[in-house]
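I wanted to look up which ones pair and how their surroundings are classed.

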Amino acid sequence: MRTADRLNEPRAAFRSRRMLADAYRLDGRWDRTRLLFDECLDAYDRRRWQLDQDDEAEFLGWSAWMAECMVDFPDLGLDEIRAALEGVEHRYTDAGLPWHEVYSVRRGIAAHLGDWAAADEAHLRWVATAPTDEDDRWLDVTAIDHYLGKGETARARQIAAAMLDDPAAFDPPIVVARCLMLLPLARTGEWPLAALTFRRIRRGMSGDFSSLEHLARVIEFCALTGNALAGIDWLAAMAGFEARQRPLATMEFAASAAVLASALVRAGRGDTVLDLGPDDSNTVPLGVLARRMRQLALDLAGQFDRRNGNTFQSDRIRARLAAEPLTDFLPLEPTSRPPLQLLPPSGLSDEDLLARAEWHDLRCEADEARACLTVVSDDLSPYLTARLAELRARFFQGEETEPALRYAIDVYRQYGDLPRALLAECWLGLWTAHVGRPEESVENVAAAVAQLRRLGDDSHCAWGEYWLAYLLAGQGAHADALDALARGQRHAEAALDPLALGTLLILDTTLRPSPATAAAALDALIAAGAPEKALEALEQLTRHEGYLEVVEKILAAPPPGMNRLVGRLRYLRACALPDSGHAADDLTEAVGQAALRGQDTAEQWHQLAQANHAAGRYEDAVDASQLAAELLDPQSAARDQASYLLADSYRGLGDHRAALREYRRLADGDGALAAQAFVAGTALLEHLGITEWPV
C-alpha cells in the first residue's frame, strides 16, 4: 500500500487498501477498516478519473456496503447514515451506474429501523435492478432474510426450498441460507430437515470464518431444541468477541449466548464454568454468563433504540430472550442422546437435596451433585449451612477448601453429629495430603476411622476405611492400604452396601490386579445402579484377558438404567469384533453415551467414521470423520487418515466439490496420504470432466 502511494499508482493503492480493510474487518478492527475506506473515498472524490470502469464499480459497491453497515454502530447518528446514503446515490448517478446497490442500502437501513413499508419498496426495486450475470441465489438469500425479518416465514421457506434440498456443504449462499432458516424450520415443526440442516451447517462452517450473527442463530437453535450442550461448542467465538467493534453483531451474539446459558442454568449447570481461556473475562460460571450476556444485549439494544427513535431493536431482543423451548429434545444426528437429567425431583427439602448431592458424589456423578446445590434455598439452619459448605468445598476446590471443611466439622460436632464430622475429617485428610502435609493427613484420618469403628455403623466404617486406604495407597503404603480395604469390604458386606463394596473393590484391583476382583466390583456396582462407578470397574476388567466374555454376558441381558455402561460395553464389542455386522450401531451408541459426559474421544469418532463408511452410511461418515479430524493432532497420521476418509465420504454422498476440497487439502500437504489424495482427486476431476481443482 505504501509503495503504491509512493509510486502514485491509484489502482494498486485502492486494491491494497481494500484488501487490508477486509483483513481488519475480519479481525474485528472496524476503526482501521473505516479509516482505510475514508482514505479510498477521499481519493475517489479527488481523482475519480484515475480508476477504470471495473475498479470504479467495485469501489462504489464497497461504499454502498459500508454505508449500509453504518446502522450496526449506535454511535453513528441517523443524519450521518442518511448523508452517507445520499453520497452513495450521487456517486452512482454521476458514474452512470444502475442503482441496484443503492436500493440494497435503502432496504438494509429501513429493515434495521423496522420500517417495513420502505424496506419492501427498496427490496422490490433492488430485485428489479439486479444484474443478470450474477448468482441468483444471493438474491434469494437477501429475500429470505427480508421476509423472515417481516415474520413471513412461509414465503421465506418457499424461496429457500431449493437451497435447503441441495447437499453441497461449502457453497457460500447455501450455507448462509441454512443459517437463516435453521430456527424457522424448527419453529414450524420440520424436525428432520432442521436436524439435517444443522449437520450441513456444521460442515459448511468448519474451518472457515463465520459472522457472529450466523453463529448466533446456530447457538439459539441448540438452546431451544434441547441441545444446549452441543451449543457450548459454538461459544468458542465468544473469546474476545466484545472487542470486535461491531455492536450489532455483539448484541446478536450476546442475546443468543444468554438464551443458551439460561437453558444450561435451567438444566442445573449454573455453576459450570465456561472455559474461554484464563485471560478471557467471560471465563465465568454459566449462571453469571447468562445474566451478563442478557444485560449486554439489552444495553446495546437500548443504544440502538435511542439512536433510531423507536423500540424495534429492544422489542426484538426481548422476544428472543423470552423464547420458550421449541421441544424437549431434537436428535440432531444418530449419536445424539437426550441430555442427562441433572436436577433432582421437585419438592425435596433442603436436607434431602444435600443428602442427594452426597449420594451423587459417592456415585461419581459430579454434574448431578452440583445441580442439587443450585436449588438449595438460602434459608438454611447452621447445621445445613455447614453441610452445604462441606459439599461446596469438595466440589469447588481451592484456597477455601480447608477452612470450609474445618468449619463444617466444628458445626457437626456442636450439633452432635459425630459420624458426619469424622467422615469429613477423612476428606480433610485427603485434602491436606494433596497440599503437601501427608504425615499429618495419615495420622488424622487413621484416628477418625478408629473412632468410626468404635461407633459401629458398618456403612460409615466402610467409607472411612476406603478414604484411609486411598490415602495410604497414595503414600505408597500398599500393605496397610490393603488391610484397610479388607476391613472396609467386610463392613460394606455387613451393611448390604453394594456401592461402598464396589468402590472398595475397584481400589483393591488397582493395587493388586485381579480379573476376579474387577468382575466382582463390576457386579456390585451394577447391583448398586451406579453406572459411572461401574465404568471404572469395567476399565480395570479390560486390562485382563477374557473380559470379552463378561461383556457379552452383560449385553445379553443389559441392566436397566445403565445406558452409559451399556454404551461402553458395546464399544468394547465393536472394537473386538469389527466385522460382526453391528459395529456401526454399537459405535454409534457408544459415542453417543460417552458424549453425554464429554468423554467422547477422537479415536472413538475415527472408529465410528470407519464403521459408517464401511456400512455405506456416508452422511454419518462425513460428520464422524470431520469431528475426528478436528480433534486429532494436525501433524498425526491418524488426522490424515480421518481427512482422507472425510473426502471419500463426501464423494460417496455425491458432494464432489467438498470431496475435491478435502483431497486438495491433503494433496497440498506432506503427509503419507498426500500422493494418494492427489491421485484420487485427479481421478474425480477426470470423471467429472473438470480441468482445474475448485477453489
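I began with E465 and R487, whose side chains meet in a salt bridge at 3.0 Å from N to O; I take a salt bridge to be a side-chain nitrogen of Lys or Arg within 4 Å of a carboxyl oxygen of Asp or Glu. E465 lies in helix 23 (residues 458–474) and R487 in helix 24 (residues 478–495), so this pair ties together parts that are 22 residues apart in sequence. For helices I use DSSP runs of H or I with at least four residues, numbered from the N terminus. E465 counts as buried because its relative accessible area is 0%, whereas R487, with 25%, is partly exposed; here buried means under 20% relative accessible area, exposed over 50%, and partly exposed in between, with a 1.4 Å probe and protein chains only.

I note on provenance that this is a predicted model, in which local features need pLDDT of at least 70 and side-chain atom pairs count only at pLDDT 80 or more, while totals for chains, interfaces and linings use all residues. Residues are numbered from 1 along each chain as its sequence is written, and side-chain values use heavy atoms, with hydrogens and water left out.

Next I looked up R392 and D271, which form a salt bridge with an N to O distance of 3.7 Å. This pair links distant parts of the chain, 121 residues apart, with R392 in helix 19 (residues 382–395) and D271 in the loop between helix 14 (247–266) and helix 15 (286–308). R392 is partly exposed at 33% relative accessibility, and D271 is also classed as partly exposed, at 25%.

How many salt bridges does the rule give? I recorded a count of 55. One of them joins D623 to R202, with the closest N and O atoms 3.9 Å apart. The two residues sit 421 residues apart, D623 in helix 32 (residues 618–631) and R202 in helix 11 (residues 191–205), and so link distant parts of the chain. Both D623 and R202 are buried. I then followed the shared partners, and found that salt bridges join R199, R202, R203, E333, E619, D620 and D623 into one network.

My last entry concerns E368, found in helix 18 (residues 366–374). E368 counts as buried because its relative accessibility is 7%. Leaving out residues up to four places away in sequence, I find that E368 touches L340, Q341, L342, H360 and R597, where contact means heavy atoms within 4.5 Å.
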